[in-house]
Amino acid sequence: MAGIQIVGVKKSFGAVEVIPDLSLTINDGEFVVFLGPSGCGKSTLLRMIAGLETVSGGDIRIGERSVVGLAPGARDVAMVFQHYALYPHMSVRDNMAFGLRNINMADAEIDRRVTEAARMLELTELLERKPMQMSGGQRQRVAISRAVVKEPGVFLFDEPLSNLDAALRTRTRVELARLHQRLKTTMVFVTHDQIEAMTLANRIVVMNKGRIEQVGTPMEVYHFPATRFVAGFIGSPVMNFFPGPLVPSGNDFATLRIAGGFDLATRVPLAALPREAKLTAGVRAEHLVVDAASTFIAKADVVERLGERTLVYVTLQDGSFAVAETPRDVDVNPGETVGLRFEAARVHLFDESGKAYHAAR
């Protein structure tokens with residue numbers, strides 16, 4: 001096993017700078033997910049770790065050695081791609097063993113590794129099948145097993161679940177989590193799907209325009225986003241945002257005057273805020289609750305009943321939109337006027353630069 005150190009890495013394609021200057025430490029045995037929108041640089045960063053892209057500047061270390069300039073096969077990594085890339089004329093067993101035979105590994109050791117990987121990924125009964133005889137989820141497990149048999153120090157996954165349907169993605173996520181628990185090997189996983197990130201990661205690296213916005217555990221990036229970008233990218237539905245000026249609060253915490261002249265009290269300390277900053281409040285749907293006693297009024301447009309929760313999409317008095325949640329015993333219908341209550345301790349503030357300020361803990 002091996003950790004990864006990325007120190008001042010830069011990447012340009014001609015005159016286009018994709019990653020300006022990025023540093024990150026991934027601990028030995030950690031499962032880290034690079035998360036961000038298309039074009040943020042997450043796959044490029046993964047490919048530089050793998051040796052499939054050159055580094056324009058900086059250093060990448062796997063374990064104790066720099067791997068910049070080393071061929072992919074010399075880096076002690078195994079990569080699983082979005083596309084399965086299996087040999088259609090070979091059996092599952094031969095697909096798994098192919099890379100090991102190429103390096104002249106002993107047959108007995110190949111058999112041991114293939115048998116163990118097949119057991120871990122529930123492929124034992126499929127070893128003699130050809131790829132065309134299997135489902136998409138089974139083929140992706142074969143692709144993962146082909147990486148497992150190499151017994152690398154680092155596993156790299158480049159959006160490996162994106163070609164699967166929803167049910168298979170869920171099952172394969174669980175299988176990957178179990179695989180990590182068994183192997184305890186360093187894994188780096190790229191995705192734009194926040195559910196995959198929240199499910200799998202020990203830590204999430206949220207990326208935007210080639211830069212790291214935040215590194216933290218899934219719950220840290222969800223409950224304490226470092227920037228407005230992270231707050232808006234993590235969570236479904238996305239966080240609600242309410243711009244407005246600071247008004248006197250009568251205490252040590254910030255109050256913003258938002259849509260329709262409503263004074264939104266927060267638990268964000270005034271002393272933590274920059275002076276004369278233009279601020280925006282952010283609150284998740286589960287912390288903006290339908291409450292008939294509230295004076296913050298909106299019109300219900302769409303009611304989304306999801307079983308475990310009910311979301312209400314509303315239009316505010318100033319014409320802007322928000323998403324709230326209803327308690328289990330409250331029934332709301334489209335067209336109705338509803339009151340909305342903020343949970344003050346769950347309201348975040350963001351300044352013009354996007355920096356976040358959270359409630360006092």
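Visitor: Which side chain is joined to that of R309 by a polar contact of 2.8 Å?

Guide: A polar contact is a pair of N or O atoms within 3.5 Å; within protein, one must be able to donate a hydrogen and the other to accept it, and residues adjacent in sequence count only if both atoms are side-chain atoms. Here the side chain of R309 is joined in this way to that of E325. Please note that the model is predicted: local features need pLDDT of at least 70, side-chain atom pairs count only at pLDDT 80 or more, and totals for chains, interfaces and linings use all residues. Residues are numbered from 1 along each chain as its sequence is written, and side-chain values use heavy atoms, leaving out hydrogens and water.

Visitor: Why does R309 count as buried?

Guide: Buried means under 20% relative accessible area, exposed over 50%, and partly exposed in between, with a 1.4 Å probe and protein chains only. R309 counts as buried because its relative accessibility is 19%.

Visitor: Where is E159 found?

Guide: Helices (H or I, at least four residues) and strands (E, at least two) are DSSP runs, numbered from the N terminus. E159 is found in the loop between β7 (154-158) and α5 (166-183).

Visitor: With which side chain does that of E159 make a polar contact?

Guide: The partner is the side chain of H192, at 2.9 Å. Contact in the wider sense means heavy atoms within 4.5 Å. Leaving aside neighbours within four places in sequence, E159 has contacts that include K42, S43 and Q82.

Visitor: Between which strands does R309 lie?

Guide: R309 has its place in the loop between β17 (297-305) and β18 (310-316).
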